[in-house]
Protein chains: 2
Amino acid sequence: MIMDEVYDVTIIGAGPAGLTAGLYCAQAGLRVVALEKETLGGQIMNIEKIENYPGFADGVSGPQLGQEMTMQAMNYGVEIKLAEVVGLELGAENKRVKTANGDYVSPAVIIAGGGEPLRLRVPGEEEFRENGVAYCGMCEGGQFKDMAVAVAGGGDSGVTEALYLANLASKVIIVEMMPELNAKSLLQNRVRQNQKVEIMCHSKVQAIVGDSQVRAIELLDTETNTVTTVALDGVLVHIGWVPQTKYLENVVPLDSEGHVMVKETMETELPGVFAAGDIRHGSLRQVASAIGDGTATALAAQRYLREGKS
Amino acid sequence: MIMDEVYDVTIIGAGPAGLTAGLYCAQAGLRVVALEKETLGGQIMNIEKIENYPGFADGVSGPQLGQEMTMQAMNYGVEIKLAEVVGLELGAENKRVKTANGDYVSPAVIIAGGGEPLRLRVPGEEEFRENGVAYCGMCEGGQFKDMAVAVAGGGDSGVTEALYLANLASKVIIVEMMPELNAKSLLQNRVRQNQKVEIMCHSKVQAIVGDSQVRAIELLDTETNTVTTVALDGVLVHIGWVPQTKYLENVVPLDSEGHVMVKETMETELPGVFAAGDIRHGSLRQVASAIGDGTATALAAQRYLREGKS
């Protein structure tokens, strides 16, 4: 028989949001565990250089930042366990976080499991992940200064990223599978007025090619069924984002895309259950915001444990 | 004649919130200036060691963190100017930030001027600032592990800090000038049940004494008019907090204590005017939250400049 592990706070996810929440709770003298299914440090472990997380004059490598955050949380008393969460059961007093390796029981739970960008799933995407293929303009766009770059995805977020990159890059090509962009008209107007931006609809990235670095994409025109090779230096993929909330369906209120709904305090509708970082509705998907979220949930959880409400 | 300086975004304050907002705006290719009246880096420059800002396994000194943040903002293009803001004029298109050294004109303004804790104004308070006198339990409380410490202030925030410290310190004495604590009853009950906490009402800290480090406080009993010396290792002052918003009265909606009112996006009621960090209503007054706020205002300001609304 596997015994339940009992804590004051169970945190799901050990990325920036979860590690920050853990750090604050541990420093407050609480017994806290963070459960991570895959990568300690979270998504930032895949980013070569992070230039917009404050505190590092020349930027910092994602793996280094993730490791510092992990070590810091551990140094101050957070227990970190590798375990994939498969369920969450909410009792009146205690919540039960279920994993394949046993259950974790605590009055407060902070959901900070993040999510991940949808991939194109084309040849070259994985190969050039750190050499021209990016998933976040604001986090990784610096590498495209004065270069030509494609943005895959013509929705609101893709077009917003394209406008962002147009301030840095020499040329931005928006590639959209549908016959037209589906961003809101105001954004479409802006992007059509921008001389640096070219729009290619009914087009699909078929492959990303290069040597040590992205050099071109192969584009399929779905109307003519012809393939052209477009020379460029990078591809920013912005076709969607999937929060890791499968096990939360019918347990915690989610939005239509699966993000956890939270109040301003980062508490869900369910007392003692909080959410932080990319997984929550309205997240800005930035390390710096995840840190702010993590802090907010930790203070709300402390208030909940102290006063019975947050 | 002094010419107006024209920018895309003017930021008031170069602490963590303002520097983060600036960093994000500059990386987005905007022309951005941050105006600081006093200390580049802000309040953290006064904190010897910060252990709850994620990214530093063993903590980081406040001055080092502040300097890294300042250098980072400058490296990526934020212009930083030493100038005290004395007024803000809101036009339909442009806002005018007035300083003694000229005006800064821009469509977007981010208010991140912070605030400061009320001081006791007693002998020893300044002298022992980094050797036992503290103003933030969560930021600076680590130094009081297994020690005896006084918390000056028996309101909600003082009592909350006392409960927080009781998890770390060996003893906590709450000193309140009034005949009774004025924290809410739930907090009063919690604190009365806590065996580590002693409550001394109708008492006033008259002096903080020590050698290289705080060793005692002199307490005046205002009912008996007698003075006793209480041996202890530290004093956490929590008698109030003053946001730096004098020049904003009748310009931007403030709460009863002078904090800037903001929506969830960190925008004020006035289009193009945003607030971040300790100065805003509802701030958690943590570096990590200020960073999150700064990010949010920068993205909201970018959206405002792009779409005419945030």
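The model is predicted. Chain A is assigned two stretches, 5–116 together with 241–307, as domain 1, and residues 133–237 as domain 2. The centres of domain 1 of chain A and domain 2 of chain A, taken over C-alpha atoms, lie 32 Å apart.

**Domain interface in chain A**

- The contact draws on 6 residues from domain 1 of chain A and 5 residues from domain 2 of chain A.
- About 420 Å² is buried between domain 1 of chain A and domain 2 of chain A, with carbon and sulfur atoms giving 48% of that area.
- Of the area that domain 1 of chain A buries against domain 2 of chain A, 66% is supplied by Ile47(A), Asn52(A) and Gln286(A), more than by any other three residues.
- On the side of domain 1 of chain A that touches domain 2 of chain A, the residues comprise 1 nonpolar, 2 polar and 3 charged.

**Cysteines**

- Over all chains the count comes to 2 disulfides.
- Cys136(A) and Cys139(A) are joined by a disulfide with an S to S distance of 2.1 Å, and the torsion about this S-S bond is about 60 degrees, so the disulfide is right-handed.
- Cys136(B) and Cys139(B) form a disulfide with sulfur atoms 2.1 Å apart, and this link, with 65 degrees about the S-S bond, is right-handed.
- Cys136(A) and Cys139(A) are both buried, and Cys136(B) and Cys139(B) are both buried.
- Cys201(A) has a relative accessible area of 13% and is therefore buried, and Cys201(B), at 15%, is buried.

Terms used:
Residues numbered from 1 in each chain as written. Chains lettered and ligands numbered in written order. Predicted model: local features only at pLDDT ≥ 70, side-chain atom pairs only at ≥ 80, totals over all residues. Heavy atoms only, no water. Domains from an automatic or database assignment. Contact = heavy atoms within 4.5 Å. Buried area = accessible area lost by both parts, 1.4 Å probe. Nonpolar A, V, L, I, M, F, W, Y, C, P; charged D, E, K, R; others polar. Disulfide = S-S within 2.5 Å. Buried < 20%, exposed > 50% of the residue type's maximum accessible area, 1.4 Å probe, protein only.
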